[in-house]
Amino acid sequence: MNTYQKTYDVIVVGAGHAGCEAALAAARMGCETLIVTIDPDTIAKMSCNPAIGGLAKGHLVKEIDALGGEMAKNIDKTGIQFRRLNTKKGPAVRSSRAQADKKAYQDEMKRVLESQPHLDIKQVMVDELLTEDGKCIGILSQTRTAYLGKTVVLTTGTFLKGLIHLGDVSYSAGRAGESSAEKLSESFLSLGFEIGRLKTGTPPRVNAQTVNFDAMEIQPGDPDPLPFSFSTEKITQPQMPCHLTYTNEKTHEIIRNNLHRSAMYSGRIKGIGPRYCPSIEDKVVRFADKARHQVFVEPEGRDTDEIYLNGISACLPEDVQVDMVHSIRGLEDAEIVRFGYAVEYDFAPATQLQPTLETKRVESLYFAGQLNGTTGYEEAAAQGLMAGINAALKVHGDRPLVLDRSQAYTGVLIDDLVTMDIREPYRMFTSRAEYRLELREDNADLRLTEIGRQLGLVDDTAYRRFQTKRQLIDEELARLNRTIVKPTRGSLTRLEEVGITPLDKPTSLTDLLKRPEIGYRQIKLVSPPSCELPHAVEEQSEIQIKYEGYIRRQAIQIEQFKKMEHFRIPDDLNYETARGLKTEAREKLEKIRPASIGQASRIPGVSPADISILMVLIHQKTRSELRAAS
């Protein structure tokens, strides 16, 4: 065995979306960092849908940006279509989504990594984890070279014993055309980790020159697109349209007649697939009453004719995929460039992790991304950022960073993973966040930028911009509150012109804006601020005033939540001998070993009665220790 000459503070394995954020965070926090990947040309490659954001996922991207991550900046530079979703609903569920130029996104992220000080990139296939006295000290490559580091972050994606299925053909690969990592899982098992199997899939891609777009519904981007990153002033690049078409009864008949040839239904796939992003075979079987399913026809970039058929992920044989695609309106003559397939891979259930994403079994080893059972670039990137931050903090000897459920969707994501014992691909939804009115996209910077600044991830320029925005919001809220509109003839005429019903007494602009039918745009016409305000400031002012009562009530709920989170459970509490706990609760608590009463209360199988008993046991243990100490 050969040992590489340089010892690193942080070693990141894998250069997908989790690995990129982890490596950049560690390097920006001053750690000598190494990121290793099977192929450096595939850094930040979008294996499936070339898009960033979406419902709840957009919240994660905004939070990554507020903390000093890279994903939002990258999509702002390389996006080809930007859309705001749920605009007619409340601010808590509004989300951003952008179609990416797949290759440009990849190239830009690689450029950022290559230019980052304290960060080395190497082409390495990892076979083993190196440990010593229960601590991870590095990695061993396929070529038997040891790379030593103080901490290791694993972000292996779908590459652990990756197995691709296409019809009745199966072969080892992490992605089509790319090698799988065959030996690293064995290293996990030798260290005592539990390993499971999951499955995901991708649809066929077709040549745009063979698509009849006129037969489809056009889906343009927003006319004035809003950026993802709080540091991007404006999206200036031209947008490209997407299109919408549908499957039909003929499509479904082709699929039903060939289910026996699908790897999913022939019994060859053992891994569990994503519940909320099913393959077209699953859709046809599970939703047999539906006459059609949406197919979003999305370009993969500006300089390519490849089109992504979002909605018909499949692992049917190639000849069946051809018939299936040709049965769809607008795709009758479409030439398939890449066939869809399913990929099965190893994952490690995240209950084996602490909330910092450090493993419980091996010190200084962190897991992030699909390795933890998630699906989606955004979920992976958020985990990667937190793992990279905590690895760097461990190197520096500082306290770890754990975001709780009231602070961020990132906190909800990680808490769900380490607490819920999830055995199917996890996807973020707004419904998972009980404090979603507080965890909006629009205020991610107000929630998290100070934390990013303290970590050293938010630079001076971004921080000054944030401070200016926060000051402008405070000033505008104060102006709206102190400005009184009196029911004079002139003011009543003005109010009527902008669609505001007459006043019968002096009213502040704040009280006017609280009316459900009135928006900030009308208020600005009645009494404009002294200077033109950025859209984000106007939006934030309106939301804080309109939802003030709801936000105040949620703040009370958050305060109660935090009391439970601050009720810590001793690390050495022996659940096996704890009297009164149900057997299921005892087993779950012993397995997960929650850090607080709050976390314990969220474990499935642990009842309120178990929590009451647990609190009594902790009080008894504390009193006993105090008596012994005295």
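**Strand pairing, a buried glutamate and a domain interface**

In strand 17, Gln 294 is the bridge partner of Tyr 246. The model is predicted, so that local features require pLDDT of at least 70 and side-chain atom pairs count only at pLDDT 80 or more, while totals for chains, interfaces and linings use all residues. Residues are numbered from 1 along each chain as its sequence is written, and side-chain values use heavy atoms, with hydrogens and water left out.

Strands (E, at least two residues) and helices (H or I, at least four) are DSSP runs numbered from the N terminus. Strand 16 (residues 242–246) pairs with strand 17 (residues 294–299) in the antiparallel sense over four bridges; pairing requires that DSSP find at least two bridges between the strands. Strand 15 (residues 217–219) is also antiparallel to strand 16, with three bridges, and here Gln 219 stands opposite Cys 242. In a regular strand the side chains alternate between the two faces of the sheet. In strand 16, Cys 242, Leu 244 and Tyr 246 point one way, whereas His 243 and Thr 245 point the other way. Five of the five residues of strand 16 are buried (under 20% relative accessible area with a 1.4 Å probe, protein chains only; exposed is over 50%, and partly exposed lies in between).

Glu 63, in helix 2 (residues 57–66), is buried, with a relative accessible area of 0%. The side chain of Glu 63 makes a polar contact of 2.8 Å with that of Thr 410 and one of 3.0 Å with that of Arg 447. A polar contact is a pair of N or O atoms within 3.5 Å; within protein, one must be able to donate a hydrogen and the other to accept it, and residues adjacent in sequence count only if both atoms are side-chain atoms. Residues touched by Glu 63, leaving out those up to four places away in sequence, include Ala 408, Tyr 409, Ala 444 and Leu 448.

The domain assignment, automatic or from a database, includes domain 1 (9–199 + 345–455) and domain 4 (567–629). Eleven residues of domain 1 contact seven of domain 4 (heavy atoms within 4.5 Å). The two domains bury about 740 Å² between them, this being the accessible area (1.4 Å probe) lost on being put together, summed over both. In domain 1, Lys 360, Thr 419 and Met 420 lose the most area to domain 4, together 48% of what that side buries. Two salt bridges are found across this interface (a side-chain nitrogen of Lys or Arg within 4 Å of a carboxyl oxygen of Asp or Glu). Asp 415 forms a salt bridge with Arg 602, with the closest N and O atoms 2.6 Å apart.
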